[in-house]
Amino acid sequence: MFRRTIPHLSKRITLPQLSPTHSQGRIVRFEVANGDSVLDYDPIMTVQCSADMVTEAFRDFPDQQQVMIIDTQDVGTIKHIKDSLIDQWIPVGTELGIIDDGDPIDGEWTWQAYIVDSVDANDKE
């Protein structure tokens with residue numbers, strides 16, 4: 001009898017595409033630093049999303065840009081975080097770092113996102 005196992009491989013952290021129309025985002029801040037260990041549901045970054053993330057009919061005003069906290073669903077150590085990208089508008093899919101669990105990199109990370117009502121870039125909980 002064989003037991004099927006799923007390997008845990010290191011993952012690339014990228015700016016996630018939060019909707020089919022979402023094209024870019026701005027990193028407000030990283031909630032982690034190089035060398036930090038992360039577990040499932042740990043916040044990785046706070047992102048301001050381009051207005052195209054939400055269909056215009058569902059926006060409170062035409063140029064509304066949602067702010068989201070992005071959590072990881074992977075376990076490992078944060079490496080190669082690109083702090084130089086903070087406050088820049090970048091395309092979805094841009095590589096931002098790695099969650100390293102000691103194995104080779106194989107694909108992108110798994111994440112989930114939450115809407116934030118407001119963000120003070122100097123306030124880090």
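These legends go with a set of close-up views of one predicted model. Numbering runs from 1 along each chain as the sequence is written, and local features are kept at pLDDT of at least 70. Side-chain atom pairs count only at pLDDT 80 or more, while totals for chains, interfaces and linings use all residues; side-chain values use heavy atoms, with hydrogens and water left out.

View 1. Five strands line up as β3-β6-β8-β1-β9, with mixed pairing. (Strands are DSSP E runs of at least two residues and helices are H or I runs of at least four, numbered from the N terminus; two strands pair if DSSP finds at least two bridges between them.) The edge positions go to β3 (37-38) and β9 (105-108), each with a single partner strand, so one side of each has no neighbour in the sheet. Zoom in on β1 and β8 and you'll find an antiparallel pairing over four bridges. I13 sits opposite G97 of β8.

View 2. The structure has four salt bridges in total, where the term means a Lys or Arg side-chain nitrogen within 4 Å of an Asp or Glu carboxyl oxygen. R12 pairs with E95, and their closest N and O atoms are 3.6 Å apart. R12 is partly exposed at 31% relative accessibility, and E95 is partly exposed at 29%. (The classes use a 1.4 Å probe and protein chains only: buried is under 20% relative accessible area, exposed is over 50%, and partly exposed is in between.)

View 3. D100 and K79 form a salt bridge at 2.8 Å, N to O. D100 is in β8 and K79 in β6 (residues 76-79), so the bridge ties together parts 21 residues apart in sequence. D100 counts as buried because its relative accessibility is 19%, whereas K79 is partly exposed at 35%. E31 and R29 also make a salt bridge, again with N to O at 2.8 Å. Both E31 and R29 are buried.

**View 4. H22 in its loop.** H22 lies in the loop between β1 (10-14) and β2 (24-30), and it is buried at 2% relative accessible area. Its side chain comes to 3.0 Å from the backbone nitrogen of L18. Beyond its neighbours within four places in sequence, H22 has contacts (heavy atoms within 4.5 Å) that include P16, C49, D52 and V92.

**View 5. C49 on β4.** C49 is part of strand β4 (residues 43-49) and is buried, with 0% relative accessible area. With neighbours within four places left aside, the contacts of C49 include L18, H22, G25, M68 and W89.

**View 6. The largest nonpolar core.** This core holds 20 residues, and those with the most contacts inside it are I13, I27, I44, M45, I78 and L96. (A nonpolar core is a set of buried Ala, Val, Leu, Ile, Met, Phe, Trp, Tyr and Cys residues joined through side-chain atoms within 4.5 Å.) Two or more residues come from each of β2, β4, β5 (67-72) and β8, and β4 gives the largest share, four residues. Beyond four places in sequence, I27 touches residues including L15, M45, V47, L85, I90 and L96.

Note on methods:
A polar contact is a pair of N or O atoms within 3.5 Å; within protein, one must be able to donate a hydrogen and the other to accept it, and residues adjacent in sequence count only if both atoms are side-chain atoms.
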